[in-house]
Amino acid sequence: MSARRYRRAALLAIAAFGLVAGAASADDRSIALRLQGERLVSEGRCPEAMALFAEVRARDPQDARAARLQGECAFQLRRYTEAIEPLESARRLDPAQPQVGLTLAMAHFHAGNLQAADRELEAVAPSLPDRAEVPLYRGLILLERAEHQEAAARLEEASALRRSDPVASYYAGLAWSAAAERDKSRAALRRVIDGHPGTVWASEAERALAQLDASQKLRRWARVTVGGEYDDNAVLRGAGVVLPSDISSDADLRGVWNAEVGSELFRNGTWAGGVLLGYSGTLHQDLDDFDLQYPVLQFWVDRRLTEDSFLRLSVDAGYAWVDTDPFLFDYGTTATYEKSWATAGTTRIFTRYARNNYLFGRIDSPPGPPFLSPAEQAAPGLVRNRDGNSWLSGIAQRYPVDEKTEVRVGYAYERYDARGREYSAQAHDLNAGVKRLLPWEFEIDLSGSFIYRPFRHSSTFPDPPGSGLYNNDRRHDRVWVANVVVERPIGENMSVAARYSWIDNQSNVDVFDYKREIIGLYWTVNFDN
């Protein structure tokens with residue numbers, strides 16, 4: 001070998017030896033740091049250990065053990081979001097450790113990513129058939145999604161795998177309760193109380209059991225609201241309408257009240273039913289001819305369809321007096337379907353039939369309108385007969401934006417068939433609102449609606465009023481409504497509220513074209529067992 005070739009081989013050997021020696025030195029340093037970190041973990045000093053594991057990973061990004069230990073340490077410290085990246089790296093570097101996937105699933109759950117947690121649990125479940133954490137966290141995910149029946153089954157499975165842990169039994173009790181399986185809920189909660197006395201879980205289970213027992217009592221309630229209002233158009237005076245000589249103003253102050261008492265009559269499994277009696281009225285300062293009294297009686301039956309939906313059928317009847325004269329007898333039936341969604345709030349779909357019988361004397365129309373038929377001309381009072389049938393259907397959605405805010409929207413369609421031609425109409429009602437919790441326990445509710453009501457015929461009221469002329473176009477009204485309510489509780493069973501309402505009934509017939517503003521202050525007492 002020539003001197004030149006010898007020197008090259010020697011240099012290569014030295015370089016190779018240096019690289020190997022350096023790698024060995026780096027490896028020894030990483031091992032030492034990792035061992036030191038493990039010792040700190042065993043001493044309960046996870047924050048310090050995590051810094052060492054991070055240094056090991058910086059030196060050797062392929063060190064699966066350091067990544068796993070860093071992630072597990074972060075999980076123990078409840079730094080769940082911080083635990084996800086090292087755990088994912090550990091699983092990628094060493095897929096043969098299903099325990100890493102389980103810890104990663106739990107970290108995703110506590111970080112709020114239910115979809116990722118569910119995906120990880122599904123992947124590790126076949127490899128960990130005896131680990132209670134798998135059905136436990138699957139049950140918790142289902143409970144978060146309001147799939148209560150399936151959640152309870154998974155939580156019971158977790159409880160059977162690890163009887164020494166009260167967590168699964170406690171949440172199984174909550175899930176069974178939400179699924180209306182009260183006997184199973186009581187048994188699960190009783191396991192926690194009897195098996196783990198003196199623990200926080202036993203205390204929470206006792207509280208949940210007390211609430212469960214209270215919920216099985218037939219509900220009874222009473223609510224009374226009294227208040228005062230200023231109404232700047234209490235007589236609903238339309239454009240151009242001249243007030244009668246005995247009415248000095250269309251504005252007035254009035255007292256208002258609304259009371260209701262209700263009780264469940266039975267509750268058995270998926271069925272429940274009850275009765276409600278309501279009574280509302282007004283007492284005017286000057287316009288006592290407009291004083292109203294209106295009692296209502298209602299019966300209802302509920303049928304729970306699934307864990308988060310039910311159907312209600314109710315029948316009701318009411319009788320109203322204006323001043324002391326009979327004014328209205330109405331009755332009807334309503335069917336309602338309501339469903340709660342895991343993340344999309346609550347949907348209510350309803351339909352109602354009602355019959356209205358107006359009991360005051362018929363208002364004769366003048367014989368002049370040229371569009372009336374000979375029969376209508378001969379019986380003018382029948383033309384303005386308001387008795388009729390109402391069919392109403394609609395949908396309403398409530399959506400909780402956050403813990404302090406709820407938004408709601410809705411649409412309803414009504415068809416009203418009156419005996420006389422004057423009041424037969426359709427109506428389209430679009431409405432929306434938002435409720436927001438404010439500081440110092442105040443709550444504000446902003447709502448509004450737009451109603452388009454096309455009538456089937458021209459009005460028989462002179463237009464303009466008193467002119468003897470008539471609008472041959474079909475009557476149509478556009479009603480704009482806005483409400484602002486601010487309420488605050490006072491104590492446990494009372495609240496006070498202030499309300500402002502604005503109504504603009506835009507009609508192509510002057511007698512029905514009016515604006516109205518109402519300002520009110522109300523006090524409510526509520527009792528509920």
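This is a predicted model: local features need pLDDT of at least 70, side-chain atom pairs count only at pLDDT 80 or more; totals for chains, interfaces and linings use all residues.
**Aromatic pairs**
- Y319 sits in strand β5 (residues 309–322) and F329 in strand β6 (residues 325–340), so their pair ties together parts that are ten residues apart in sequence.
- Y319 is partly exposed, at 28% relative accessible area, and F329 is also partly exposed, at 31%.
- A tilted pair is formed by F450 and W480, with 4.4 Å from centre to centre and 45° between the planes.
- This pair links distant parts of the chain, 30 residues apart: F450 belongs to strand β11 (residues 443–454) and W480 to strand β12 (residues 476–490).
- F450 counts as partly exposed at 22% relative accessibility, and W480 is partly exposed at 39%.
- Ring pairs also join Y319, W321, F329 and Y331 into a cluster.

**Charges over rings**
- R384 lies over the face of F461, 3.6 Å from the ring centre.
- R488 lies over the face of F442, at 5.6 Å from the ring centre.

**Nonpolar cores**
- The largest nonpolar core holds 36 residues, and L102, L136 and Y137 have the most contacts inside it.
- Elements giving two or more residues to this core include α3 (64–76), α7 (133–144) and α9 (166–178), while the largest share, seven residues, comes from α5.
- Leaving aside residues up to four places away in sequence, Y137 touches M106, F109, H110 and L121.
- A second, separate core has nine residues, among them Y423, F461, V509 and F512.

Note on methods: Residues are numbered from 1 along each chain as its sequence is written. Side-chain values use heavy atoms; hydrogens and water are left out. A nonpolar core is a set of buried Ala, Val, Leu, Ile, Met, Phe, Trp, Tyr and Cys residues joined through side-chain atoms within 4.5 Å. Buried means under 20% relative accessible area, exposed over 50%, partly exposed in between (1.4 Å probe, protein chains only). Helices (H or I, at least four residues) and strands (E, at least two) are DSSP runs, numbered from the N terminus. Contact means heavy atoms within 4.5 Å. Rings of Phe, Tyr and Trp (its six-membered ring) pair if their centres lie within 6.5 Å; planes under 30 degrees apart count as stacked, over 60 as edge-to-face and the rest as tilted. A charge sits over a ring if NZ of Lys or CZ of Arg is within 6 Å of the ring centre and within 35 degrees of the ring normal.
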